[in-house]
Amino acid sequence: MKAPAARLSAAALPTLPATVIRPNYDLAAVRVGIVHLGPGAFHRAHQAVYVDDLLAEHPDWGICGVSLHSAGVRDALRPQDGLYTLALLGEQTSLRVIGAIRELLVASEDQAAVLARLAEPAVKLVTLTITEKGYCLAGEDIDLAHPDIAHDLAAPQTPRSAIGYVVAGLRERHARGIAPYTVLSCDNLAGNGHRLRRAVLQYAARVDAELAAWIEAEVAFPCSMVDSITPATDDALRQRVADALGCVDAWPIQREAYTQWVIEDRFCNERPPFERAGATLSRDIAGYDRAKLRLLNGPHSTLAYLGSLMELETVSAAMAEPLLAGFIERLMRQDIVPSLPALPGFDPQAYVDAILARFRNPAIRHLLAQIAWDGSQKIPVRLLGTIAEALAAGRPIERLCLPVAGWLHFVARQARNGVAIVDPLADTLARCGATGDVDAFLALDGVFGALAGDTRFTTALRAAHAALAPATPDAVRHALDS
């Protein structure tokens with residue numbers, strides 16, 4: 001009977017093939033300086049890698065990963081001494097073992113240990129990737145009716161929510177005269193630091209007014225912007241990693257080689273020198289958010305709708321179509337870049353180069369059908385804002401209108417074929433699509449707003465819609481080549 005393969009661990013590191021990058025520091029010398037709430041795949045592929053790059057020279061910034069409820073990450077990685085493999089996907093996949101997470105706790109099982117960590121003076125930074133629902137918000141305010149928030153307000157010493165844990169740790173530090181930690185949201189939410197600060201203050205005010213005043217005066221909640229495509233781990237990845245390492249990794253992760261982390265340079269305690277690991281420290285996170293929204297997300301939606309009409313399946317397949325790839329590049333460089341304000345240290349043309357390379361990456365299977373979801377929510381912020389600013393500045397909008405017209409045709413095709421439209425306005429869009437009438441879409445005030453009354457826009461949109469008709473692959477190619 002064949003013996004089971006060895007498990008990835010600190011003891012196994014010397015046995016790994018030379019092609020596998022491994023920690024260049026003494027794991028035993030690393031001390032916890034960061035508590036991270038939500039050590040899922042994105043954190044482990046993104047922020048933890050930046051920290052890993054620093055530990056050889058800055059060993060005081062190891063991570064304690066805290067899962068609020070699930071024991072999955074702890075149970076997978078604790079037998080591996082917290083180690084896991086990162087696969088960087090490109091023309092050639094490279095493997096790297098990450099050791100930045102030195103402790104793993106499950107809050108629902110190890111509450112005392114989590115609270116003790118948060119109160120330690122050595123912990124100077126608390127970071128979060130808990131997804132939007134983890135903030136327990138109702139609109140812009142904290143949801144007082146949320147079961148976890150209601151529980152935490154009734155029993156703040158035994159919290160369940162991320163907000164409750166952040167405040168419980170700060171409350172203990174305040175009581176003991178310990179400097180507060182900075183609280184850094186790393187979730188993909190615009191104004192994430194502002195939203196987190198508001199929720200924490202609203203919650204703290206109901207727990208302890210004096211504590212809330214101290215938090216408001218002393219604690220920093222920087223905003224951040226994160227970017228890197230991180231496909232889910234599957235059995236195929238596990239097998240590839242096991243074959244390459246010669247040992248089993250229970251939970252390897254994968255992401256594209258490109259990564260971006262922009263952090264508002266506003267901390268209330270010491271911080272790691274993230275900029276030495278490639279992060280950008282800036283006072284203008286909103287500018288970077290806008291650049292990402294317009295230069296990455298806008299072209300993504302463009303590929304989704306025009307590529308789908310061309311019967312293509314993935315982003316890389318769409319970029320393999322010369323006419324579509326050329327259109328995307330012209331759209332970015334000639335129509336979107338002029339809409340961006342200057343940012344210190346930001347080169348928009350280099351950013352375009354990086355995005356185009358990401359779109360072409362054949363190792364990332366990013367489905368156009370998925371990007372096409374929720375168009376009524378995405379189109380206004382990804383494309384219509386750029387169009388409105390172009391009109392105000394007297395710049396042409398014809399190219400920008402083509403992906404918007406592509407969305408109209410895409411919705412109409414779904415409606416004609418009886419295919420479900422994944423969108424909060426699905427029923428309304430299905431009715432608009434059934435008519436195929438541009439005016440029916442323009443009547444969607446929540447989508448087009450004031451633009452629906454601007455004849456320059458409506459004329460250009462109708463012309464783009466007509467150019468794409470009848471929305472066959474050949475018709476789209478002809479429109480792109482015009």
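1. Ground rules. This is a predicted model, where local features need pLDDT of at least 70, side-chain atom pairs count only at pLDDT 80 or more, and totals for chains, interfaces and linings use all residues. Residues are numbered from 1 along each chain as its sequence is written, and side-chain values use heavy atoms, with hydrogens and water left out.

2. Helix 10 brings the largest share, nine residues. Helices here are DSSP runs of H or I with at least four residues, strands are runs of E with at least two, and both are numbered from the N terminus.

3. The largest pocket holds about 1500 Å³ of space. For your own checks: on a 1 Å grid over the protein atoms alone, a pocket is an open set of points with protein on both sides within 12 Å along at least five of seven lines, for a 1.4 Å probe, and lining residues have an atom within 4 Å of a point. Points are joined across faces, edges and corners, and the volume is the space filled by probe spheres set on them.

4. That pocket has 41 lining residues, with Asn188, Val226, Lys292, Asn297 and Arg382 nearest its centre. By class, the lining splits into 16 nonpolar, 12 polar and 13 charged residues (charged being Asp, Glu, Lys and Arg; nonpolar Ala, Val, Leu, Ile, Met, Phe, Trp, Tyr, Cys and Pro; polar the others, Gly among them).

5. The second largest pocket comes in at about 410 Å³. Its lining counts 27 residues, and Gly38, Leu68, His69, Thr129 and Ile130 sit closest to the centre. Helix 1 (41-45), strand 2 (62-67) and helix 3 (72-77) give two or more residues each, with helix 1 giving the most, four.

6. Three strands form an open sheet in the order 4-3-11, with mixed pairing (strands pair if DSSP finds at least two bridges between them). Strand 4 (94-98) and strand 11 (253-256) are the edges, each pairing on one side only. Strand 3 (residues 84-89) runs antiparallel to strand 4 over five bridges, and Tyr84 has Ile98 of strand 4 as its bridge partner.
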